[in-house]
Amino acid sequence: MALRNIVKVGDPILSKKSRTIEKFDEKLATLIDDMLETMYKENGVGLAAVQVGMLKRVVVIDVGDGPMELVNPEITLKEGEQREQEGCLSLPGKWGTTIRPMKVQVKAQNREGKWQVFTGEGLKARAFCHEIDHLDGILFTSKVIDGVVEG
């Protein structure tokens, strides 16, 4: 495993749409392992491949109950609403309140290509939405309702 550099706001790659993964191989497994190591090192709860410079539909998340690897994730259900502060490893020191679903269901593949379904509430739902937004070139700042603040 290796640490990867996190792409910061201002880099045009963050506004691009990521490509679907079709090849489930050792390179993908290495990317996922590196993303997990990088996320933990930076004390994040999620990281999208685009944030380490790879336009691939891959996300890792750990909100405290173990790592999740999501390849080609799709949100299949949204319920309720939550207003909470959100930040991003690509925008260090910046925070803002967003409105996200309270509960989210996500369909995704694992590193071997097997489909799985994840359900998250609260922080996990927010993390799913935030990271999947990254795959579509969307930053949380476009969803902030009260202005971005330095923290």
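A salt bridge is taken here as a side-chain nitrogen of Lys or Arg within 4 Å of a carboxyl oxygen of Asp or Glu. The structure is a predicted model, in which local features need pLDDT of at least 70 and side-chain atom pairs count only at pLDDT 80 or more, while totals for chains, interfaces and linings use all residues. Residues are numbered from 1 along each chain as its sequence is written, and side-chain values use heavy atoms, with hydrogens and water left out.

Helices (H or I, at least four residues) and strands (E, at least two) are DSSP runs, numbered from the N terminus. Two strands are paired if DSSP finds at least two bridges between them. An open sheet is formed by three strands in the order E4-E5-E8, with antiparallel pairing. Strand E4 (82–87) and strand E8 (149–150) each have a single partner strand and stand at the edges, so one side of each is left without a neighbour in the sheet. Two bridges join strand E5 (residues 94–100) to E8 in the antiparallel sense; valine 149 in E8 is the bridge partner of tryptophan 95. Helix H2 (residues 123–135) lies across E4 and E5 and runs at about 55° to E4. Axes for such angles are lines fitted to C-alpha atoms, for helices over the stretch in contact (heavy atoms within 4.5 Å), and angles run from 0 to 180 degrees between N-to-C directions.

The structure holds 10 salt bridges. One of them is formed by aspartate 136 and arginine 57, whose side chains meet at 3.1 Å, N to O. Aspartate 136 lies in the loop between H2 and E8 and arginine 57 in the loop between strand E1 (46–48) and strand E2 (58–61), so this pair ties together parts 79 residues apart in sequence. Residues are classed as buried under 20% relative accessible area, exposed over 50% and partly exposed in between (1.4 Å probe, protein chains only). Arginine 57 is buried, at 11% relative accessibility, and aspartate 136 is partly exposed, at 28%.

Aspartate 136 also forms a salt bridge with lysine 17, with the closest N and O atoms 3.1 Å apart. Lysine 17 belongs to the segment before H1, 119 residues from aspartate 136, and is exposed, with a relative accessible area of 58%.

A further salt bridge joins arginine 4 and aspartate 34, the closest N and O atoms being 3.0 Å apart. Arginine 4 is in the segment before helix H1 (26–41) and aspartate 34 is in helix H1, 30 residues apart. Arginine 4 is partly exposed at 27%, whereas aspartate 34 is buried at 5%.
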